Amino acid sequence: MAITGAADLLATWEAGLAEAPAGRALLLHRTARPDLDAQGLPVLPVGAREADLFTLRRALFGERMQVRLGCGACGEDMEFDLDAGEFARSLSGPDATVVRVGEDGREESVVRVAEGGWDVQFRLPGVADLTAVARAADPRGALLARCLVSAVRDGADVSADELPVPVQRRIAEAVEAADPGADVTLNIACPECGQATRAELDIASYLWTELDAWARDVLLDVHLLATAYGWSEPEILALSPLRRRYYLELCADA
């Protein structure tokens, strides 16, 4: 991943102001993966997107992540640090997928369940898949039908709605093992009452909050330096953060 410059990051932030959370997540993912086009990003496995966003976060703001969470039992505020690099590595699953080329020519990650006369191949869901089935009457069934590549029992093809519950459960287990980053959940013990609280870590939302704070600080820097020196925004953004800070200190001392 190429390190994005300040001007490009500000453009991403500006575009995201008018977007819902899903649109902001896509903008951030596009920043993390400039090698992929807009059609390729939403079909990546969800865990792959989360890993890309963790990588972007580490490149922009470092390894240390501060997290604040309310205890579900006693309501006490809990604050703790996460190591973004170590946490991201813990989410990588076993190499349980095979790669195939889909009908649109794109590579797809597929898990295989082969036991008890069954041979099932299931594509790891991407963000586009989850979005498409979110409002279905039966989201689980809709996702199964959407991502099922093939299902064969004793040599005969079987449709998605004919898969028995035990086989569906094995598919879910295989997907979870192959793509653990798709569901990033924290389990934190409260230092006050000792009870554990489970909470989802939404890296897209977390990263957007940081980007928003960074952008507003940078724009303030631009305003102060433009006022003091008459420089344009591109000229100020071309300065390194260290040199920008030095000029701001000179302004404060003047």
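Q: What share of the contacts between residues at least 6 apart in sequence joins residues at least 24 apart?
A: In this model, which is predicted, 54% of the contacts between residues at least 6 apart in sequence join residues at least 24 apart.

Q: And how many helices and strands are there?
A: The protein has ten helices and nine strands. Its radius of gyration is 23 Å, well over the 18 Å that the globule rule gives for 254 residues, so the protein is more spread out than a compact globule.

Q: What box do the C-alpha atoms fill?
A: Taken along the principal axes, the box is roughly 85 × 50 × 35 Å.

Q: How much of the protein is buried, and what about its surface?
A: Buried residues account for 36% of the 254 residues, while the accessible surface comes to about 14700 Å², with 50% of that belonging to carbon and sulfur atoms.

Q: What about charges, how many positive and negative side chains are there?
A: There are 24 positive and 42 negative side chains, and the centres of these two sets lie 1 Å apart.

Q: What is it in contact with, beyond its sequence neighbours?
A: Setting aside the neighbours within four places in sequence, Arg57 is in contact with Gly62, Glu63, Arg64 and Met65, and also with Ile203, Tyr206, Leu207 and Glu210.

Q: How far is Leu207 from Arg24?
A: Their C-alpha atoms are separated by 9.9 Å, although the two residues are 183 residues apart along the chain.

Q: Is Thr197 buried or exposed, and what does it touch?
A: Thr197 is buried, with a relative accessible area of 9%. Not counting residues up to four places away in sequence, Thr197 touches Leu69, Gly70, Cys71, Gly72 and Met78, together with Leu186, Asn187 and Ile188.

Q: Now the aromatics: how many pairs are there?
A: The count comes to four aromatic pairs. In one of them, the ring centres of Trp231 and Tyr247 are 5.0 Å apart and the planes stand at 85 degrees, so this pair is edge-to-face.

Q: Which parts of the chain does that pair tie together?
A: Trp231 is in the loop between helix H8 (203-229) and helix H9 (233-237), whereas Tyr247 is in helix H10 (residues 241-253), so the pair ties together parts that are 16 residues apart in sequence. Trp231 is partly exposed, at a relative accessible area of 26%, and Tyr247 is also partly exposed, at 22%.

Q: Which residues form the aromatic cluster?
A: One aromatic cluster is formed by Tyr229, Trp231, Tyr246 and Tyr247.

Q: What is the phi of Asp154?
A: Asp154 has a positive phi of about 50 degrees even though it is not a glycine. As background, most residues other than glycine have a negative phi.

Q: Where is Asp154, and is it buried or exposed?
A: Asp154 lies in the loop between strand E6 (148-153) and strand E7 (156-157), and at 64% relative accessibility it counts as exposed.

Q: How far apart are Thr131 and Ala22, and Glu86 and Glu63?
A: From C-alpha to C-alpha, Thr131 and Ala22 are 9.3 Å apart in space and 109 residues apart in sequence, while Glu86 and Glu63 are 8.5 Å apart in space and 23 residues apart in sequence.

Notes
Residues numbered from 1 in each chain as written. Predicted model: local features only at pLDDT ≥ 70, side-chain atom pairs only at ≥ 80, totals over all residues. Heavy atoms only, no water. Helix = DSSP H or I, 4+ residues; strand = E, 2+ residues; numbered from the N terminus. Rg over C-alpha atoms; globule rule 2.2 N^0.38 Å. Buried < 20%, exposed > 50% of the residue type's maximum accessible area, 1.4 Å probe, protein only. Contact = heavy atoms within 4.5 Å. Areas by Shrake-Rupley, 256 points an atom, 1.4 Å probe, with all protein chains shown as cover. Lys, Arg positive; Asp, Glu negative; His and termini not counted. Charge placed at Lys NZ, Arg CZ, Asp CG, Glu CD. Phe/Tyr/Trp six-rings, centres within 6.5 Å; stacked < 30°, edge-to-face > 60°.
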